[in-house]
Amino acid sequence: MDVPLPHLDRPFDYLVPEALDADARPGVRVKVRFAGQLVDGWLLERAESSEHPKLAYLEKVVSPVPVLSPEVARLARAVADRYAGSLADVLRLAVPPRHARAEKAVTTDTPPTDEPAPDGTEPDGSPTDGTAPADGTAPADGTAPADGTAPGGVPSEAADAGARPGGRAEVDPRGWRDYPAGPALLRALTDGRPARAVWSALPGEDWADRYADAVAATVAGGRGAVVVVADARDLDRLDAALTAVLGAGRHVRLAAADGPARRYRAFLTARTGGVDVVIGTRAAMFAPVRRLGLVAIWDDGDDLHGEPRAPYPHARDVLLTRAQLGDIAAVVGGYARTAEAQLLVETGWAREVVADRAVVRARTPALAPTGDDPQLARDPGAASARLPSLAWTTARDALRADLPVLVQVPRRGYVPSVACADCRAPARCPHCAGPLALPSAQGTPACRWCGRVAAAYACPECGGRRLRASVTGARRTAEELGRAFPGVPVRTSGREEVLATVPGGAGLVIATPGAEPVAEGGYGAVLLLDSWALLTRADLRAGEEALRRWMAAAALARPGTAGGRVVVVADGALAPVQALLRWDSAWFAARELAERRELGFPPAVRMASVTGAAEAVADLLAGARLPGDAEVLGPVPADEGRERMLVRVPRSRAAAMAEALHAAAGQRSARKAADPVRLQVDPLTLF
């Protein structure tokens, strides 16, 4: 039942009236009477009898279309158990809201079916012999494949040299030849083997084309694929690449931003078997693809992959759980590597797909920091300057060569943060204590939280009335660089307006992280400014996130042999900067993972965050039968007067911790506890 109460997170039995017998198939939406109210639900299974002596009848079958496939139902249950959530909450994420007109248009000629496929697999891609794991355990537990393949299921060149089953045509590996294990990965996908890969993309790599090749190999083997990207811009690139490789109409895109009708139409097209490939943002992680053979995710470190609604699943973990349950292939790709992806490699669940160092050096732009000793000797002000001389001359040389220049700025807006010019105290709103910002050069300071204007601001520390910029945004940077390079076109790309591409020729592009457009032929120079804003955040993933954003921008530059240069305004001795200079995110991910093992942080362990009023948090933890080796940390202050407690357990005890917390939440909801408590397993933000 679609009821957000943890203590009702179980199936309920109802009788099916004869009038609804034909339409009441597993997977359809229904309405039932519960506690005197008519509630929505999903029909999971039909049975001949029930243990309960007295049952009510189904009230209505909302639609005869079975929108919930058996594979997605099993996956939703596993995800709910992993994240200490309820099945109803996960199904709300997995099945989009019904749109009657779109449903009628799609299902008239192609009704969904769950009959087994001729090759002995279920329509959802799982084998019919029951060999797939069904306990909902998450991957990366150190389990290795038992089919004789190399770690992660990606065969070596020698092991793959023999005859290939079925004589299927081989897909041209094209750009995958730059990676020693790349062609073997494509052959494994064509053969339907459960290859698991962590792919580190080269600079300048057209990742969308590489994913299109992997999907084409999977389709050539008679199976389907699901690929998840972070945002609409990446989705457009992947959409175009797949259309070029597969042809029009061979895939659908699934994204919440496309609107309810288009999203539901794409969902039903996949559910009815009209296409074998679904791409999308995190809305696509539960896409009902028949005979699924591959799940893939690009840039898994992007926080947009984290679902903001309960039970807060991450797209990467949902896809990896799906691969584990269905014994199918998985690819986790990106320019940078997360600690979670490194754990997959170190435990043997996946194999890394990387290029040789000679190829990396040939494809990498010339990278240089501004804070090392040689630069400080030439320019003593480089340690404090926002645009040191090295960055300025690099941009000037690229513009003189008629090449575009990309400038990455961590903050959007004009001046998103100001401080007192006399005592340097941060300027806060007198009403809500929110940060004050300047919208433009002639603008009046206004609060970023409540929007109130602070025209007569006076510093509470010293009484000063003059303000200075403490953080400079993208629009102010564009204004400053426009004056520094007169006559050069300046464009901005950010949340307000995202540029997909920029034409060739000289020009400055000021972009916030994630909004960097692609330049024809690559950028002549990439400047990474305000590195302190990324590296000094109070976040466990600060270094990892900084490296991810830097590598995504640096990857858009030309190779060093073609004049491409990247300047990062940071000390070259810092570990993230060293990883960028060597283009070796695997080294940094291994270092991060080792440190988190030593300190006891995810993903080396499993953590749950319990947030709410102090009394409510204490009540829930008091009723939770946590494993004996669980550690309870805190409390620490949270937002809006609430507090947060952290529960830490070894990875092997993650299921027991999630079950205990879910049961305790069910006890509180059964007795109608007033104060809500938010449960998050492995939250992206711990502090």
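Biologist: Is Tyr264 buried or exposed?

Modeller: This is a predicted model. A residue counts as buried under 20% relative accessible area. Tyr264 has 0% relative accessibility, so Tyr264 is buried. Phe267 is buried too, with a relative accessible area of 2%.

Biologist: Where do Tyr264 and Phe267 lie?

Modeller: Both are in helix 7 (residues 260–271), three residues apart, about one turn of the helix.

Biologist: How many aromatic pairs are there, and why is the pair of Tyr264 and Phe267 called stacked?

Modeller: Planes under 30 degrees apart count as stacked, over 60 as edge-to-face. The count is twelve aromatic pairs. The ring centres of Tyr264 and Phe267 are 6.2 Å apart and the planes are at 10°, so this pair is stacked. Trp298 and Tyr335 are edge-to-face, with 5.2 Å between centres and 85° between planes.

Biologist: Which parts of the chain does the pair of Trp298 and Tyr335 link?

Modeller: Distant ones: Trp298 belongs to strand 8 (residues 292–298), and Tyr335 to the loop between strand 9 (329–334) and helix 9 (339–346). The two residues are 37 residues apart. Ring pairs join both to a cluster that includes Trp176, Tyr179 and Trp199.

Biologist: Which residues have the most contacts inside the largest nonpolar core?

Modeller: Trp199, Val215, Leu238 and Leu580, in a core of 72 residues. Helix 5 (residues 207–220) gives the largest share, nine residues. A second, separate core has 71 residues, including Tyr83 and Leu620.

Biologist: Which residues of helix 13 are buried?

Modeller: In helix 13 (residues 474–484) they are Ala474, Thr477, Ala478 and Leu481. Seen down the helix axis, they fall within an arc of 100°, so they line one face of helix 13. They pack against strand 12 (404–408), strand 17 (490–493) and strand 19 (507–511).

Terms used
Residues numbered from 1 in each chain as written. Predicted model: local features only at pLDDT ≥ 70, side-chain atom pairs only at ≥ 80, totals over all residues. Heavy atoms only, no water. Buried < 20%, exposed > 50% of the residue type's maximum accessible area, 1.4 Å probe, protein only. Helix = DSSP H or I, 4+ residues; strand = E, 2+ residues; numbered from the N terminus. Arc of directions from axis to C-beta. Contact = heavy atoms within 4.5 Å. Core = buried A, V, L, I, M, F, W, Y, C linked by side-chain atoms within 4.5 Å. Phe/Tyr/Trp six-rings, centres within 6.5 Å; stacked < 30°, edge-to-face > 60°.
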